[in-house]
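Biologist: I would like to go through this model one feature at a time. Please give the general idea, then the case here.

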Amino acid sequence: MKAILKLEELAMFLACVYTLYLFDAAWWMYPVLLLGPDISMLGYLAGNKVGAWSYNIFHHKGIAVLLLITGVFANVDELFFTGVILLGHASMDRVAGYGLKYENGFKFTHLGEIGKK
């Protein structure tokens with residue numbers, strides 16, 4: 001089951017990359033897709049609770065989809081591309097085993113503890 005879920009996340013990531021391509025996104029959006037949302041980890045400098053909250057805001061797929069859809073209906077490219085980037089990045093992270101964070105530390109995620117087999 002884990003492999004199937006990772007394939008599903010990989011498909012979503014690739015769909016987001018393809019969406020950027022289809023909509024002729026600027027070149028710099030691709031590196032932002034890969035690394036940009038991880039700036040949210042700076043929240044951990046203020047402690048685990050703030051860190052988990054900030055990380056989860058930038059990696060929550062529901063928020064990403066809401067931004068994407070709002071961008072489409074409001075015809076605001078910045079919202080659309082932000083949603084695509086957040087959705088793609090969250091999917092990429094899930095392939096790597098990084099899930100939404102619990103407040104007791106960075107390595108505790110909804111997918112299990114990072115680094116624990």
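Modeller: This is a predicted model. We can start with a pair of helices: H3 and H5 are roughly perpendicular to each other.

Biologist: At what angle do helix H3 and helix H5 pack, and how far apart are their axes?

Modeller: Angles from 65 to 115 degrees count as roughly perpendicular. Helix H3 covers residues 48–59 and helix H5 residues 77–95; their packing angle is about 115 degrees, and their axes lie 8 Å apart.

Biologist: Which residues in H3 and H5 meet?

Modeller: From H3 come Tyr55, Phe58 and His59, and from H5 come Leu86, His89, Ala90, Asp93 and Arg94. Sorted by class, the contact of H3 with H5 has 4 nonpolar, 2 polar and 2 charged residues.

Biologist: Which helix gives the most to the lining of the largest pocket?

Modeller: That is H1, with 5 residues. Helix H1 (2–22) and strand S2 (112–113) each supply at least two residues of this lining. By class, the lining of the largest pocket divides into 8 charged, 5 nonpolar and 4 polar residues.

Biologist: How much space lies in the second largest pocket, and which residues line it?

Modeller: The second largest pocket holds about 170 Å³ of space. Among the residues lining it are Trp28, Met29, Val32, Phe58, Phe81, Ile85 and Leu86. H5 provides the largest share of this lining, 6 residues, and helix H2 (29–35) also supplies at least two. The classes here are 8 nonpolar, 2 polar and 2 charged residues.

Biologist: Which residues is Ser91 in contact with, leaving aside its neighbours within four places in sequence?

Modeller: With those neighbours set aside, Ser91 is in contact with Glu9, Met12, Phe13 and Lys61.

How values were computed: Residues are numbered from 1 along each chain as its sequence is written. This is a predicted model: local features need pLDDT of at least 70, side-chain atom pairs count only at pLDDT 80 or more; totals for chains, interfaces and linings use all residues. Side-chain values use heavy atoms; hydrogens and water are left out. Axes are lines fitted to C-alpha atoms, for helices over the stretch in contact, and angles run from 0 to 180 degrees between N-to-C directions. Helices (H or I, at least four residues) and strands (E, at least two) are DSSP runs, numbered from the N terminus. Angles under 35 degrees count as roughly parallel, over 145 as roughly antiparallel, 65 to 115 as roughly perpendicular and the rest as oblique. Contact means heavy atoms within 4.5 Å. Ala, Val, Leu, Ile, Met, Phe, Trp, Tyr, Cys and Pro count as nonpolar, Asp, Glu, Lys and Arg as charged, and the others, Gly among them, as polar. On a 1 Å grid over the protein atoms alone, a cavity is a set of points where a 1.4 Å probe fits but cannot get out, and a pocket is an open set with protein on both sides within 12 Å along at least five of seven lines; lining residues have an atom within 4 Å of a point. Grid points are joined across faces, edges and corners, and a volume is the space filled by probe spheres set on the points.
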